[in-house]
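Biologist: I'd like to learn how to read a structure like this. Could you walk me through it?

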Amino acid sequence: MTIKTQLLELCTKYADKRVLGYKNEIELIKESIENNDKVSNEEDDSGNSKLLDDLEKNMNYLNDANKMREQLKLVRPNLVSDNVVLGSLVKTDSITFYIALSLGKVELEDSEYYIISLASPLGQLLKNRKKGDQFKFNEKSYLIKDVL
């Protein structure tokens, strides 16, 4: 299994875990609302109001997590491109980036990778760059040694 495939698998597991977590949270909130409705009197609606707010937040989070999963389906680990695109592994003189979603620093096979989204400020800076290009981010300069 290639390193890009392993990184994509790691991202997919992360996204799936988020989706499952939000679905579980939504079910718990729905149960709480249902239980509150059975025992509540009309004077105390603040509990349900808070729960409905939490439900809406979690449904938005779930929607975002589902979008993240859909975005990952667009990643092709075997795609070869000279330019940085979704799914690229970008080796610089100091850091290796994987372009997929905003996950941050991970370790895999004794190497560090920074998994970033193409939509992030750094992802936008890297987008369409190629081997040999230089860029500056947070006052630090980087040289792209390879795009895989």
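**Reading the sheet and its surroundings**

Modeller: Let's start with a hairpin: β1 and β2 are joined by one, through three residues. Keep in mind that this is a predicted model.

Biologist: Okay, but what holds strands together in a sheet?

Modeller: Here's the general idea: strands pair through backbone hydrogen bonds, in either a parallel or an antiparallel way. In this case, β1 (residues 89–92) and β2 (residues 96–99) run antiparallel, joined by three bridges. Look for Lys91, which sits opposite Thr96 in β2.

Biologist: Which other strand pairs with β1?

Modeller: That's β6 (residues 140–147), again antiparallel and over three bridges. Here you can find Val90 across from Val147 in β6.

Biologist: And how do β2 and β4 run, parallel or antiparallel?

Modeller: Parallel, with three bridges joining them. Tyr98 is the residue facing Ile115 in β4.

Biologist: So what is the order of strands in the whole sheet?

Modeller: Read across it and you get β3-β4-β2-β1-β6-β5, an open sheet of six strands with mixed pairing. The edges are β3 and β5 (134–137); each has a single partner strand, so one side of each has no neighbour in the sheet. From one strand to the next, the twist averages 40°.

Biologist: What do side chains do along a strand?

Modeller: In a regular strand they alternate between the two faces of the sheet.

Biologist: Why does Glu109 count as exposed?

Modeller: Because its relative accessibility is 56%, and the cut-off for exposed is over 50%. Asp110 is exposed as well, with a relative accessible area of 81%.

Biologist: Now Leu86: is it buried or exposed?

Modeller: Buried, because its relative accessibility is 15%, and buried means under 20%. You'll find Leu86 in the loop between α2 (46–73) and β1.

Biologist: What does Leu86 contact?

Modeller: Setting aside neighbours within four places in sequence, Leu86 contacts Gln71, Leu74, Val75, Ile99, Ala100 and Leu118. Take Leu74: it is 12 residues from Leu86 along the chain, and their C-alpha atoms are separated by 7.9 Å.

Biologist: Which side chain of opposite charge is nearest to Lys4, and how far away is it?

Modeller: That would be Asp146, 10 Å away. A salt bridge would need the charged atoms within 4 Å.

Biologist: Then what lies around Lys4?

Modeller: There's a backbone oxygen, that of Pro77, 3.4 Å from a polar atom of the Lys4 side chain. Not counting residues up to four places away in sequence, Lys4 touches Pro77, Leu79, Gly87, Leu89, Tyr98 and Leu148.

Conventions: Residues numbered from 1 in each chain as written. Predicted model: local features only at pLDDT ≥ 70, side-chain atom pairs only at ≥ 80, totals over all residues. Heavy atoms only, no water. Buried < 20%, exposed > 50% of the residue type's maximum accessible area, 1.4 Å probe, protein only. Lys, Arg positive; Asp, Glu negative; His and termini not counted. Polar contact = N/O pair within 3.5 Å; in protein donor to acceptor, adjacent residues only side chain to side chain. Contact = heavy atoms within 4.5 Å. Pairing = 2+ DSSP bridges. Helix = DSSP H or I, 4+ residues; strand = E, 2+ residues; numbered from the N terminus. Axes fitted to C-alpha atoms, helices over the stretch in contact; angles between N-to-C directions.
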